[in-house]
Amino acid sequence: MGSFCGGKCSGALRSLVRRKRVDSAAHARRDGHQLARRLSVLDLIAIGVGATVGAGVYILVGTVAREYTGPALTISFLIAGVAAALSAFCYAELACRCPSAGSAYHYTYICVGEGVAWLIGWSLILEYTIGGSAVARGISPNLAVFFGGEDKLPSFLARHTIPGIGIVVDPCAAALVISVTVLLCIGIKESSVAQTIVTTINVSAMIFIIAAGGYIGFKTGWVGYELPNGYFPYGVTGMLGGSAVVFFSYIGFDSVTSTAEEVKNPQRDLPVGIGVALSICCILYMLVSVVIVGLVPYYALDPDTPISSAFANYGMQWAVYILTTGAVMALCSSLMGSILPQPRILMAMARDGLLPSFFADINRHTQVPVNSTVVTGVLAAALAFFMDVSQLAAMVSVGTLLAFTTVAVSVLILRYVPPDEVPLTSGLQESIGSVSSQFNNDLKGTASMDFGYSAVPSNEGDWLLVETSECSIEDDAMQKHVIKERRRKIAAWSIAFVCIGILILVSAASVEGLPSMLRLILCGLAGDAVLGSLVVLACTEQDDARHDFGHAGGFQCPFVPFLPVACILVNTYLLVSLGLGTWFRVSIWMMIGALVYIFYGRSHSSLKGAVYVPAAYVHEIYQASSDRQA
């Protein structure tokens, strides 16, 4: 009985770490689930900017300047932009190597494993659903400006309170979500054109702020910078705190990678689209903040309407209509940026068997995942109609920050310990045996294919390759193999110690109520572990197999391992700083996801029953299978 339980547990653990095959130019999809490749680099830039620059920036500059940074708000935006660029570099490399739908879920499944990939995909579902609903809920207050107040809105646009239960419904928000859903179902090119139009209007409104505000500032002498307490009234600490707050205004550029399978030239266009979109957002944020904190002293900024009130101080009350138009367009583009990625993540998870195949269906006329898009739109519309999700807004950040972190870890894995085994279906077992016999090895009992592996059946029906004690290869080849395996183990442990050390370091430094001596000891030990492991990684040669991993010839993340480790550190700090309340709500969603995976995803995974073979022999196995069928 104990042996049986142990076997079941070990099988369950193996299912968490099994990894799917990386997509490559030589390994095209054969299942018919193809999206239309119609997006250009300009479409990607519009999607990235539209999903990132939301209506929040029209309020954020006032709140952060008053409470954190003062006139140093511009530097805070710059620091936050650089921090976001760390993740962008990691996304750009993985998007080039693995240009399929699914974004961070897809990359994590290939590099880390099924269990972590499921949690990333599940958390992103939460992020995009709540994020889209929260954005849609902001449309009514902005439209009210054009009608002279919320009490003058037409009944079909105004919010209503249901008598007896006190629920405030928002038909305008639900209608906006449904409209965007219908647009996304028509086609990716059509929706990207609409995204380009609304994003252009939003950016034009921000350019108006910069141009008109700059003119007023030069005319009046930039009174906001004439302060007795200098440019850093809250010190460097306040400026860094402001950077942590405004960092979330850069979330959204990762939506670009979710459309990787629909890009005409992903190796060229995806890195450009990500980089240009993020750069445009950073420049706009910085210029707007320069103007606003220069027109009005930071302590006099209105926390609710900082930009419109700043222009009103100079007699430009009419500017509120331009700003509101920009805010409405920003809400629409952010909503499209929230609903666009989720159906593609659902589709990717369904392709892998972790969700029902219903979500993987692609309409043959529009070539978009209509089923997933409709389900996403209906859920988001229902939430936007019935619920005020503002209290759940912090949960949106968890999915993105977890995705940013795992993407950085995936880059480290790709460079130092790329997967060297490929899962093949059990139907190829005869071909595997045929190829193994060519090398005078029995793949099921002895050294397989002259490299020191043997295939053994697991209790879950999978086939696993394990190292054997005897190999028939030459001594020099064996020595190279041993050295390579030793280097991979050192690199793998170093990556693990970096991640664990960063988590302990950030937690010990951030948690309140921890005794100072214990805090100092934990920070010291964790810091030493991180630095030591980072030095080991920097001195370790990167694996040559990385050159053949996925699609070659695309963008490569610079300054590895330092840049990915810095990315992990920044995002882990932001995750820890979200607070216990947010993590409690997120943990409930994660537990629901764990149950779905245990009772459905694990048993329906496309990797169930897969045979893992060394990547070097995959071509021969497929060739043997083709010859056998012929």
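These questions and answers cover aromatic pairs and overall makeup in a predicted model.

Student: How many helices and how many strands does the protein have?
Tutor: Helices and strands are both present in the protein. The counts are 22 helices and six strands.

Student: What share of the protein's residues is buried?
Tutor: The protein has 630 residues. Buried means under 20% relative accessible area. The share that is buried comes to 54%.

Student: How many aromatic pairs does a search of the whole structure find?
Tutor: The search takes in the whole structure. Its total is 24 aromatic pairs. One of them joins tryptophan 118 and tryptophan 122, with 5.4 Å centre to centre and 20 degrees between the planes. Again, the number found is 24.

Student: Why are tryptophan 118 and tryptophan 122 separated by about one helical turn?
Tutor: Both tryptophan 118 and tryptophan 122 sit in helix H6, residues 114-136. Tryptophan 118 is buried, at 1% relative accessible area. Tryptophan 122 is also buried, at 9%.

Student: Is the pair of tyrosine 231 and phenylalanine 232 stacked or edge-to-face?
Tutor: The ring centres of tyrosine 231 and phenylalanine 232 lie 5.3 Å apart, with 75 degrees between the planes. Planes over 60 degrees apart count as edge-to-face. So the pair of tyrosine 231 and phenylalanine 232 is edge-to-face.

Student: Which residues do ring pairs link into a cluster with Tyr231 and Phe232?
Tutor: Tyrosine 231 is partly exposed, at 31% relative accessible area. Phenylalanine 232 is partly exposed too, at 37%. Ring pairs link Tyr231 and Phe232 into a cluster with Phe218, Trp222 and Tyr225.

Note on methods: Residues numbered from 1 in each chain as written. Predicted model: local features only at pLDDT ≥ 70, side-chain atom pairs only at ≥ 80, totals over all residues. Heavy atoms only, no water. Phe/Tyr/Trp six-rings, centres within 6.5 Å; stacked < 30°, edge-to-face > 60°. Helix = DSSP H or I, 4+ residues; strand = E, 2+ residues; numbered from the N terminus. Buried < 20%, exposed > 50% of the residue type's maximum accessible area, 1.4 Å probe, protein only.
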